[in-house]
Amino acid sequence: MFDEIKGFSVEEYLSFYDEQKYQNHREFLSRVNNLKNLNEALLEVNRDFNILLFSEDYCPDCLVLFPFIQFLCTKLGIDVKILKRQGNEEFLRELTGEAKIPTAMFINKDNSLRGMIIEFPESFKRSLIGLTKDDIKRKTVEYREGNYLEMIENEVISIINNF
């Protein structure tokens with residue numbers, strides 16, 4: 001399945017960013033590069049997987065997750081294919097049951113699913129349960145500012161170690 005998908009590479013996807021988004025991306029990527037637990041996890045990870053990412057350059061949540069995907073691509077040599085949601089909604093629903101972005105699917109070389117992140121890390125979603133609308137908005141803004149990178153880090157580590 002993965003081999004037949006025609007998507008953008010990391011470099012091609014970055015070309016869609018305007019200067020401000022690219023600057024934000026570089027800042028987040030720098031922070032991701034310095035996450036100690038993620039770097040340590042890479043020492044023992046089974047690299048027999050690829051990543052299929054559904055994303056849009058205008059999506060603020062995508063801007064937070066994408067540096068992690070680029071990090072894995074760069075550090076591990078993982079093959080990444082990126083599809084825009086627009087025009088691929090049905091395919092995304094077919095794969096996940098919903099059409100939310102970002103969706104990062106970690107696919108083993110045998111095409112079995114290693115894990116996925118849909119929209120937010122599960123721990124962040126759980127942290128929103130029971131909150132008021134105002135508190136959810138506040139936490140979402142904080143997420144988009146990069147205040148919960150460790151939650152993404154932990155979920156990525158859990159997925160990449162799931163082999």
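I looked up the bridge partner of I51 in β3 and found F106. Helices (H or I, at least four residues) and strands (E, at least two) are DSSP runs, numbered from the N terminus. The structure is a predicted model, in which local features need pLDDT of at least 70 and side-chain atom pairs count only at pLDDT 80 or more, while totals for chains, interfaces and linings use all residues. Residues are numbered from 1 along each chain as its sequence is written, and side-chain values use heavy atoms, with hydrogens and water left out.

**Entry: the strands**

Strand β1 (residues 49-55) and strand β3 (residues 103-108) run antiparallel and are joined by 6 bridges. Two strands pair if DSSP finds at least two bridges between them. With strand β2 (residues 80-84), β1 pairs in the parallel sense over 5 bridges; here F54 stands opposite L83. I then turned to β3 and β4, which are antiparallel and joined by 5 bridges. In that pairing F106 faces G115 of β4.

I noted the whole arrangement as an open sheet of 4 strands, ordered β2-β1-β3-β4, with mixed pairing. β2 and β4 (113-118) each have a single partner strand, so one side of each lacks a neighbour in the sheet.

**Entry: burial of β1**

Is β1 mostly covered or uncovered? I found 7 of its 7 residues buried, where buried means under 20% relative accessible area, exposed over 50% and partly exposed in between (1.4 Å probe, protein chains only). F49, I51, L53 and S55 lie on one side, and N50, L52 and F54 on the other; both faces are covered.

**Entry: α2 against α4**

I examined helix α2 (residues 19-33) and helix α4 (residues 60-76), whose axes come within 9 Å and cross at roughly 60°. Axes are lines fitted to C-alpha atoms, for helices over the stretch in contact, and angles run from 0 to 180 degrees between N-to-C directions. The two helices are therefore oblique to each other; angles under 35 degrees count as roughly parallel, over 145 as roughly antiparallel, 65 to 115 as roughly perpendicular and the rest as oblique.

I listed the residues in contact (heavy atoms within 4.5 Å). From α2 they are K21, H25, F28, L29, V32 and N33, and from α4 they are L63, V64, F66, P67, F68, Q70, F71 and K75.
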